[in-house]
Amino acid sequence: MGAWIDTLHAFSTTLRNVGRPRVTEKLPWKRLRVHPPRYRAGFALTDDEHGEIACIACKACENVCPSQIIRIEAERRDSPVTGKKRAYPASFVLDMNACIFCELCVQVCPSDAIRMRTAWQLPGTSREDQVLTLERLRAHAREGHFSEATSSGLRAMQDPARGTPGTGGGAP
Amino acid sequence: MVEVAGLRLPAAITRRPRPNPYLRVEDYEPEADAMALNMGPQHPSTHGVLRLKLYLDGEICFKAVPYVGYLHRGVEKLLESRTAVQSVPYVDKNDYVSPLTGELALVMAYEALLDVEPPPRAQVLRTILMELQRIASHHLWLGTFCLDMGGALGGGSSIFLYNFRERELILDVLEELTGQRMHYNALAVGGNRHDVPPGWDVRVRAVLDRIEARLVEYEAMTLENHVFLSRTVGVGVLDPLLALEAGVGGANLRGSGVDHDLRRDAPYAAYGQVDVRIPVETAGDCYARYLVRMAEMREAIRIVRLLLDGIPEGPIGALKPPRNVNAIKLPPGEVYVGIESPRGELGTYVISDGSPTPVRVKIRPPSLHAVSLLPYLCVGATVSDIVIILGSLDPILGEVDR
Amino acid sequence: MSRILDLLGTIWEIGWLRGLVVGFVTLGTVMLIAAFTIWFERKWTGRMQNRPGPTERGYAGWLQIFADFFKLLQKEDLTPTAADRRLFGIVPPIVVFIVLSSLAVVPYVPQGPAADASVGVLFALAISSLMVFPVWTAGWSSNNKWALLGAMRAVAQSISYEIPLVLSALVPVVLAGSFRLTEIVEAQAGWRWFAFWPPGPGLVAFVLFYLATLAEANRIPFDIPEAESELVAGATTEYGGMKFGMFYLGEYVHTFVASSLASLLFFGGWEGPGPDGLHWMLAKALILTGSVVHVRWTLVRYRSDQLLRLCWYYFVPAALVLVFAAGLWRIFVGGVA
């Protein structure tokens with residue numbers, strides 16, 4: 001009998017929740033929740049200190065990607081800014097259809113070129129929309145909204161020779 | 001309690017007459033009509049794609065045959081062609097409800113091969129992450145358990161949504177640390193990949209306070225609820241010897257009275273620094289497993305609070321961060337590492353011959369052993385009970401099938 | 001204009017014509033109220049679960065129900081190949097027919113229902129007990145083992161819970177001395193509602209009636225026949241489109257009619273502070289329906305044998321004792337031979 005009285009206790013919880021604010025959002029019209037700075041989704045190829053593409057087509061990201069979604073073709077030509085010969089990616093194809101957003105490509109990049117973005121709306125209308133080419137990656141870089149993680153930032157955070165960091169650690 | 005082979009077992013162990021899981025259907029004489037019912041891979045309550053072929057005598061089951069493999073993705077084979085730098089994202093996808101435990105098992109195996117010890121800060125952070133993951137996993141378990149009992153349109157869904165509301169808090173905190181809400185890729189060989197952002201521990205503490213307060217509310221809806229008690233008390237009683245023979249762990253084992261937990265008995269990460277109090281219930285039914293998991297949630301909150309007070313300073317990695325895919329070379333050798341995941345002992349067995357990729361990676365999923373209990377536990381239970389029993393064993397088909 | 005009024009007056013005089021008009025008006029109104037109940041359920045449930053419920057269609061989502069109705073109308077009407085076509089198809093209309101028929105004797109206004117039968121209570125309860133047949137036929141004709149399981153559980157549950165339902169409904173009948181619903185309400189006039197006077201048996205009888213209604217309507221905590229987590233939709237698994245819509249609507253109308261019966265039998269019907277009338281009747285019925293909704297979304301469900309045990313071990317003896325007690329009250333206190 002006592003357990004039946006205690007069953008009424010369940011109603012106290014549901015009644016108490018009636019007054020609480022909603023926890024759902026009216027996506028996609030309104031978005032209140034902001035992703036934290038380290039959120040990783042989407043990709044961009046950023047600039048180096050001279051203002052041209054930082055990617056040197058070393059293919060470290062292509063080799064490390066567990067899902068093998070990156071295809072790079074390299075070329076060597078003169079830089080219009082510094083005048084010296086350097087490597088460029090002639091084509092850079094990143095297929096987000098199979099991306100698992102593991103951030104390993106960012107981890108290994110030697111030149112802080114590839115970065116992930118905090119873009120929260122990634123849908124497209126076809127499979128081709130999800131295949132990022134060099135132009136789209138550069139366009140994303142111009143739009144900004146980068147995740148906090150860069151390769152040098154991650155490496156600085158993970159360096160075993162790093163001293164006492166305080167509570168920090170993060171990308172510049 | 002008696003001590004048997006180094007394990008503490010409840011004193012009154014009677015070897016229950018165990019049903020024969022290999023009973024031939026032709027040999028069974030039913031009282032009512034015998035019926036073969038297929039609880040197929042698509043079913044609202046099989047916790048994934050599990051197929052259970054049930055042979056019913058009226059509504060009582062006399063034989064149950066589980067079929068697994070519907071979610072097999074060949075993870076272990078894939079891992080044979082991935083280096084140590086690349087492997088961690090794959091094991092995220094096995095136990096997708098608590099990915100960090102899968103990552104830890106794999107990463108600890110590689111570290112054991114390399115004989116690398118992560119620095120103290122990484123160990124403590126790992127322990128905090130494991131316990132937060134345990135709380136999140138048990139929230140999901142309680143939600144889906146009540147969903148099995150009360151239905152998608154009904155009281156179960158209220159408890160389900162409340163539990164997910166709290167799980168979201170933990171996912172938010174982990175997203176702030178790692179950048180993803182699930183499939184974190186937070187651990188690397190040698191340590192963690194992400195350090196604590198400023199103010200993170202304050203937010204974690206706030207989340208823990210909120211969860212602790214809400215646990216009281218869940219108990220108001222379940223602990224003394226006559227309906228909940230009727231559905232779970234005495235249902236799916238698991239004999240401790242059967243549990244040990246089947247190799248289950250976690251709440252399934254501790255709910256049957258066996259006082260065994262890898263966090264205390266074979267400590268890893270920073271568990272040696274905290275005194276982990278293990279909840280044990282002797283009844284062995286679904287209610288006992290529920291009590292154990294609720295107590296584990298509270299214990300996890302306590303452990304996280306203890307560890308947050310004293311995170312040691314220092315680096316978070318013992319190896320230089322990888323700059324290419326072959327940065328970490330595994331030496332030849334074999335190693336098995338087992339850790340306490342929310343579902344039991346999650347183990348990773350790695351065989352390496354010195355080449356860049358391992359020869360064999362075998363993952364020991366605790367849910368597979370839980371599913372192997374079903375032919376024993378389902379006999380004598382009605383269809384409704386089978387759903388509850390399956391829920392209380394907390395299987396995740398992702399890690400059963402890999 | 002005056003000729004129309006004369007026509008209406010003539011209709012009002014002829015008993016059966018008046019019944020017909022009142023019946024149709026009641027039908028329409030109750031269907032709209034059922035739609036309102038569905039809306040209320042979805043919003044209230046949402047509030048309980050920290051979410052808003054339907055918000056898109058219409059202000060606060062009030063058009064959502066009609067949107068769902070039209071969506072169900074335009075769905076493909078599937079009958080499984082191995083199912084018994086005629087039985088499969090005849091069931092949903094029968095469900096709606098049964099549920100709406102019971103409205104004939106339920107008075108919402110003091111002037112009386114569409115058909116003021118002298119055995120009103122019995123008629124209402126008997127008609128709703130016919131629900132066993134369509135549920136069983138649905139499960140059987142679907143040719144689906146899961147539906148069969150659900151149907152068997154539903155039949156066992158329905159016929160068991162009819163007994164406490166009828167017995168607890170007998171308590172106000174005994175106290176009022178009549179089966180006619182209007183007379184039962186009149187016997188409670190002056191705030192002597194049967195739930196509170198005589199103190200004790202009336203309230204317990206109401207609780208039993210309420211719980212038995214939950215079981216008859218297959219609502220949680222007694223909804224094992226349509227347990228979504230086990231049987232998808234129980235006996236009605238194979239039904240889609242408007243056939244499902246008819247079951248769905250039938251369930252809500254049944255709940256509302258049972259709540260109306262409970263307000264009539266135990267809570268004084270159309271009596272309330274201020275002028276009596278339809279508004280109090282509707283308010284009481286809606287409050288009871290709201291409580292049924294709240295119970296549904298708070299508790300988990302009993303297992304089939306457990307709820308049968310509850311019925312036969314607890315509810316039936318309690319109901320028998322209550323009828324006996326009501327009779328004793330009538331004789332010794334009510335002063336009726």
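Which residues does Ser230(B) touch, not counting residues up to four places away in sequence? Ser230(B) touches Tyr302(C) and Gln306(C), where contact means heavy atoms within 4.5 Å. Ser230(B) itself is found in helix α7 of chain B, helices (H or I, at least four residues) and strands (E, at least two) being DSSP runs numbered from the N terminus. With a relative accessible area of 16%, Ser230(B) is buried, a word that stands for under 20% relative accessible area, with exposed meaning over 50% and partly exposed lying in between (1.4 Å probe, protein chains only).

This is a predicted model, in which local features need pLDDT of at least 70 and side-chain atom pairs count only at pLDDT 80 or more, while totals for chains, interfaces and linings use all residues. Residues are numbered from 1 along each chain as its sequence is written, chains are lettered from A and ligands numbered from 1 in the order in which they are written, and side-chain values use heavy atoms, with hydrogens and water left out.

Chain B also meets chain A, with 49 residues of chain B in contact with 46 residues of chain A. The size of an interface is often given as the accessible area lost when the parts come together. Between chain B and chain A the area buried is about 4000 Å², of which carbon and sulfur atoms give 51%; buried area is the accessible area (1.4 Å probe) that two parts lose on being put together, summed over both. Five salt bridges are counted between chain B and chain A, each being a side-chain nitrogen of Lys or Arg within 4 Å of a carboxyl oxygen of Asp or Glu. A salt bridge joins Glu103(A) to Arg193(B), with the closest N and O atoms 2.8 Å apart. On the side of chain B that touches chain A, at least two residues are supplied by each of α2 (88-92), α5 (155-178), α6 (200-222) and α7 (226-232) of chain B, and the largest share, seven residues, comes from α5(B).

Within chain A, Ala41(A) has its place in strand β1 (residues 41-45) and counts as buried at 4% relative accessibility. Leaving out residues up to four places away in sequence, Ala41(A) touches Phe101(A), Met116(A), Arg117(A), Thr118(A), Ala119(A) and Leu122(A).

In chain C, Glu41(C) is found in helix α2 (residues 15-48) and is buried, with a relative accessible area of 2%. The side chain of Glu41(C) makes a polar contact with the side chain of Tyr252(C) at 2.6 Å; such a contact is a pair of N or O atoms within 3.5 Å, where within protein one must be able to donate a hydrogen and the other to accept it, and residues adjacent in sequence count only if both atoms are side-chain atoms. Apart from neighbours within four places in sequence, the residues in contact with Glu41(C) include Arg219(C), Val293(C) and Trp297(C).

Two alanines call for a look at the backbone. Most residues other than glycine have a negative phi. Ala269(B), however, has a positive phi of about 45 degrees; Ala269(B) is found in the loop between α10 (262-265) and α11 (286-309) of chain B and is partly exposed, with a relative accessible area of 23%. Phi of Ala60(C) is likewise positive, near 55 degrees, and Ala60(C) has its place in the loop between α2 and α3 of chain C.
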